[in-house]
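Please look through the sequence and the 3D structure below.

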Amino acid sequence: MTPPVELQRREILRFLGLCGMAAITGAATLGSYVLAPALNKTKGRWLEMGSLDDLELNQVQMLDYEFLVKDGWKSLAQRGFVWARNQGEGKITVYSSTCTHLACNVVWSQEENAFLCPCHSGRYDINGQPVAGPPSRPLNVLEHKVEEGNLLVYMTA
């Protein structure tokens, strides 16, 4: 028969302290592994939208895009479109397709010469300024540049 083990108060406290530190270290390591991908900020990127020669003068045209964005551990396709207006003499304006009211997609109406939001009857003029409906802010103008005759637009996910 083995004699009973008598632990002294200091030994029990030391043991519990070591267990607590091990638990905190393990939780911090596991937590950073699980949370880190979700906390990474998405970076923007320049997307090629095509040749400037394809943009008709004094017209608003839809340009679509697709790219992969890393969301945590998954890579997801990000698809969408923007509106480009070629005013000639190298002046190009690229508008976001997202309504500033509740983030619906706006469409260009050639007949009405306006951007229309079908969700809440929002309306923007050809310069992206709100003229009717609930939107109070203009359409977002996107950063863009021209390289080697191609239009590039800066997009964030």
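**Salt bridges and their surroundings**

R79 and E66 are joined through their side chains by a salt bridge, with N and O 3.4 Å apart; the term stands for a side-chain nitrogen of Lys or Arg within 4 Å of a carboxyl oxygen of Asp or Glu. R79 belongs to strand β3 (residues 74-86) and E66 to strand β2 (residues 60-71), so the pair ties together parts that are 13 residues apart in sequence. Helices (H or I, at least four residues) and strands (E, at least two) are DSSP runs, numbered from the N terminus. Both R79 and E66 are exposed, where exposed means over 50% relative accessible area, buried under 20%, and partly exposed in between (1.4 Å probe, protein chains only).

The model is predicted: local features need pLDDT of at least 70 and side-chain atom pairs count only at pLDDT 80 or more, while totals for chains, interfaces and linings use all residues. Residues are numbered from 1 along each chain as its sequence is written, and side-chain values use heavy atoms, with hydrogens and water left out.

How many salt bridges does a search of the whole structure find? The search finds three. Another of them joins the side chains of E112 and R123, at 2.7 Å from N to O. E112 sits in the loop between β5 (107-109) and β6 (114-117), and R123 in strand β7 (residues 122-124), eleven residues apart. E112 has a relative accessible area of 39% and is therefore partly exposed; R123, at 26%, is also partly exposed. E147 and K145 form a salt bridge as well, their closest N and O atoms being 3.2 Å apart.

Strand β9 (residues 144-147) runs antiparallel to strand β10 (residues 150-155), and four bridges join them; strands pair if DSSP finds at least two bridges between them. V146 has L151 in β10 as its bridge partner. The two strands form a hairpin with two residues between them, and E148 in the turn has a positive phi of about 50°.

T93 lies in strand β4. Is T93 buried or exposed? T93 counts as buried because its relative accessibility is 11%. Apart from neighbours within four places in sequence, T93 is in contact (heavy atoms within 4.5 Å) with W83, A84, R85, Q87, V141 and H144.

Confidence is given by pLDDT, the predictor's confidence in each residue, from 0 to 100. Its mean over the protein chain is 86, and 89% of the residues reach 70 or more. Where pLDDT is low, the predicted coordinates should not be read in detail.
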